[in-house]
Amino acid sequence: GRGMGGAYTLAHKEGHHRGGGLYRPWIANTVGNFWENWMGLIYGVVPYNFSTAHVFLHHKLNAGKGDTMYQWDLDRSSWSDLMLYQYRVLTYMTGSTSLTIFKDLGKAGNKTASKNYDLLRFGCAIYWLVFPSVCMFLLVGVAKCSVLSSVRFMILIWLEPLTCMTYFLAFINFGFHGFLELDASGTHLACVNSTVIMDGEDDYWGEDDHMTHHQYGQVSHRDLPAHQESQKQMWKKHTGSCFKKLSIVELAVLILLKEWKRLAELHFVDYSGSMSVDQVAALLEKRAKVKEMTYDTYEFDYLPTLRVRAEQLVDEGTCSNLDQALKHLSHTSTPLFLDTGSNLKCKSS
């Protein structure tokens, strides 16, 4: 588990430095992103998935509508909803949903999406065709292993890591983006919708401050303390999703166990200093349960019409291009609601 987490962390870091940007030129021009595109093959990472889908969908849309790992149509404190989310993250991990989106955007004239489609399609061909074919040839044709034992081996070193990382990624994402709140204009509050963990025991490159990771990607982990100091007034104003002394895995576990009072008492950081433990617990519970829409509405109504909605914003002059329209749709919302069967509307704070 620790080895897989480390490999995935390195692949993620490389993905934010496309084309081997983390390394010296001779490495970048020959090997490229070693963990994302080479070693990742035995850790469930489809080559170029981070460089394309993660950066140009998840980060561009900041986990909002249209993101391949969108979750705000689900109750983030529900184990059954986590199972629904597993399927969504699995289709992201395989590359299938991202390819569909990039292809659709490419047809609409988005050149960046077309390049990402070609790159990710190449990565999928390597992961799903070339790598298993070469491995089976070496196992059966060269090493003379039986077909059955070779298939078992491939399941263990090729498919199992992908399913394990799917579960793990879905799980921790309920911690990274588990809370939801809008401002008075209906725009997502970044300091609520991405969590901040300080003094955590399992942090890599400052990514426990997930709000900074998404909104201020240029800030180095070395400059993070000074940057966080500049954010405290905003966290105070909007009661940001700020926590201390726990890991992202522990945060996800406590959300799913509905341990609101424990989170409020031991880990939540209230920069206003004006809220009681019970008030914080109630706020965390509400923010973890509210939705933008139901799962069925998102999957079968909203997603199939996403491109049409974006093009309409461009035609109306609200947005200047398709990219801007997709961001606009992702970051704005109608009033949130608690899905209790009656769809009780829940006002933003």
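**Entry 1: helices α4 and α7**

I began with the pair α4 (residues 49-59) and α7 (residues 111-142), whose axes come within 9 Å and cross at roughly 140 degrees. Axes here are lines fitted to C-alpha atoms, for helices over the stretch in contact, and angles run from 0 to 180 degrees between N-to-C directions. Helices (H or I, at least four residues) and strands (E, at least two) are DSSP runs, numbered from the N terminus.

A note on what I am looking at: this is a predicted model, in which local features need pLDDT of at least 70 and side-chain atom pairs count only at pLDDT 80 or more, while totals for chains, interfaces and linings use all residues. Residues are numbered from 1 along each chain as its sequence is written, and side-chain values use heavy atoms, with hydrogens and water left out.

How do α4 and α7 lie to each other? They are oblique, given that angles under 35 degrees count as roughly parallel, over 145 as roughly antiparallel, 65 to 115 as roughly perpendicular and the rest as oblique. I also noted that their crossing is left-handed, meaning that the near helix is turned anticlockwise from the far one by less than a right angle.

Next I listed the residues that meet: N49, T52 and F56 from α4, and T112, N116, L119 and L120 from α7. Contact means heavy atoms within 4.5 Å. Sorted by class, this contact has three nonpolar, four polar and no charged residues. For the classes, Ala, Val, Leu, Ile, Met, Phe, Trp, Tyr, Cys and Pro count as nonpolar, Asp, Glu, Lys and Arg as charged, and the others, Gly among them, as polar.

I looked up L41 in the loop between α3 (34-37) and α4. L41 is buried, with a relative accessible area of 11%; buried means under 20%, exposed over 50%, partly exposed in between (1.4 Å probe, protein chains only). Leaving aside neighbours within four places in sequence, I found L41 in contact with P47, I126, Y127, F131, I157 and W158.

I flagged Y48 for a positive phi of about 70 degrees, although it is not a glycine.

Which residues have the most contacts inside the largest nonpolar core? They are F243 and L263, in a core of 85 residues. Such a core is a set of buried Ala, Val, Leu, Ile, Met, Phe, Trp, Tyr and Cys residues joined through side-chain atoms within 4.5 Å. Helix α8 (residues 147-176) gives the largest share of this core, 10 residues.

Not counting residues up to four places away in sequence, L263 touches F243, L246, L251, L254, I255, F268 and L284. In α12 (residues 248-256), I found I248, L251, A252, L254, I255 and L256 buried. The buried residues of α12 pack against several elements, including α8, β2 (242-244) and α14 (277-289). Just after α12, K258 takes a positive phi of about 60 degrees.

W205, in the loop between β1 and α10 (210-215), is partly exposed at 34%.
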